[in-house]
Amino acid sequence: MSKAGGMADGRLNGALGRYLSLLMDDQADVDARFRGLCELAASFGFEVTNLGIATRDIRGEQQAVIMSNMSDDWMDEYNGRRFDKLDYAVEKILKPAEPGVINSVQWDAVPLSRADHVAEGTQEVLAGAADAGMKFGLGFGVQSASATNGIESFVVAFGGNEKGAGYTERSELAESLLVTAALSLAPSLEPVAARKRDGGISLSPREMDVLLYMGVGMRADRISEKLGIAKVTVDLHARRAREKLGARTMPEAIAKAIRYGFIRP
């Protein structure tokens with residue numbers, strides 16, 4: 001094994017170990033797990049990780065990004081110019097399939113742009129992706145068994161500018177490992193997706209604290225003592241949280257906070 005190959009394997013093993021630890025850590029939040037997935041992808045040369053959902057309704061295909069470390073400029077250009085309608089990889093990823101079936105594609109900007117069957121629009125997408133630091137990539141989509149809450153497909157894309165050491169020989173390993181790793185993160189993303197679908201709801205740390213304690217049956221005066229704030233402030237945080245969540249009652253607000261992942265039951 002070459003020195004470069006050994007270093008690459010060491011980096012991969014370290015990133016994989018840290019990611020698995022995050023998955024097993026109940027205290028690790030989805031942001032930490034996403035950073036772990038990004039580190040794992042980077043061991044193969046993928047600098048960009050993009051997680052999203054795709055839904056279908058009477059208006060056709062709708063896509064939403066849940067978590068990403070992609071350049072904001074590229075995302076704005078991609079969405080503004082509706083590149084998803086021209087993207088060869090997206091077309092293949094979202095091809096109708098049986099629930100649970102994975103549609104995946106590995107792409108390389110140079111061979112694709114030279115292929116006779118690639119439309120001019122796709123070449124435009126590839127050129128823009130290359131400018132954004134993505135000259136090769138891996139993408140996949142998996143349809144949910146039941147389209148609950150409007151989710152039909154979990155969509156993932158990894159992109160990079162320069163392939164990592166040994167990537168050509170390990171491309172099959174990269175695909176199988178990253179697909180498995182991303183799918184293991186999918187359940188953690190549902191609360192984030194729910195918040196995004198319902199208007200990007202956010203709560204302050206204090207509002208989450210108040211809802212958490214109310215969820216275990218603690219009264220406002222006891223919460224006041226626990227947090228070291230006035231009871232009237234506790235009531236204010238509770239009311240603001242309920243309004244942000246669009247709930248009519250506090251039990252409904254607590255239930256929504258759990259669904260959105262703000263607090264744990």
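Biologist: Which residues of helix 11 are buried?

Modeller: A residue is called buried when its relative accessible area is under 20%, exposed when it is over 50%, and partly exposed in between (1.4 Å probe, protein chains only), while helices (H or I, at least four residues) and strands (E, at least two) are DSSP runs, numbered from the N terminus. In helix 11, which covers residues 250-259, the buried residues are Ala-253, Ile-254 and Ala-257. Because these residues cover an arc of only 100° around the axis, they sit on the same side of helix 11, the arc being that of the directions from the helix axis to the C-beta atoms. This is a predicted model, in which local features need pLDDT of at least 70 and side-chain atom pairs count only at pLDDT 80 or more, whereas totals for chains, interfaces and linings use all residues. Residues are numbered from 1 along each chain as its sequence is written, and side-chain values use heavy atoms, with hydrogens and water left out.

Biologist: What covers the buried residues of helix 11, and which residue caps its N-terminal end?

Modeller: Contact means heavy atoms within 4.5 Å, and the cover over the buried residues of helix 11 includes helix 8 and helix 10. The N-terminal cap is Thr-249, which has a side-chain oxygen 3.2 Å from the backbone nitrogen of Glu-252. Just after helix 11 comes Gly-261, with a positive phi of about 80°.

Biologist: Where do the buried residues of helix 9 fall, seen down its axis?

Modeller: In helix 9 (residues 220-227), Ala-220, Ile-223, Ser-224 and Leu-227 are buried. They fall within an arc of 105° when seen down the axis, so they line one face of helix 9. These buried residues pack against helix 8 (205-215) and helix 10 (231-244), and the residue that follows helix 9, Gly-228, has a positive phi near 70°.

Biologist: How should I read the phi of Arg-82?

Modeller: Most residues other than glycine have a negative phi. Arg-82, although it is not a glycine, has a positive phi of about 50°. Arg-82 is placed in the loop between helix 3 (72-80) and helix 4 (88-93), and it counts as partly exposed because its relative accessibility is 40%.

Biologist: With which side chain does the side chain of Asn-50 make a polar contact?

Modeller: A polar contact is a pair of N or O atoms within 3.5 Å; within protein, one must be able to donate a hydrogen and the other to accept it, and residues adjacent in sequence count only if both atoms are side-chain atoms. The partner of the Asn-50 side chain is the side chain of Ser-68, at 2.9 Å. Asn-50 belongs to strand 1 (residues 48-57) and counts as buried because its relative accessible area is 14%. Not counting residues up to four places away in sequence, Asn-50 touches several residues, including Val-65, Met-67, Met-75 and Val-155.

Biologist: Is Phe-140 buried or exposed?

Modeller: Phe-140, in strand 4 (residues 136-143), counts as buried because its relative accessibility is 0%. Its contacts, leaving aside neighbours within four places in sequence, include Ile-93, Ile-102, Phe-154, Leu-178 and Leu-183. Between the C-alpha atoms of Phe-140 and Leu-94, which are 46 residues apart along the chain, the separation is 8.3 Å.

Biologist: At the start of helix 2, which backbone nitrogen does a side-chain oxygen of Asp-29 reach?

Modeller: That oxygen of Asp-29 comes to within 3.2 Å of the backbone nitrogen of Asp-31. Among the buried residues of helix 2 are Val-30, Phe-34, Leu-37 and Leu-40.
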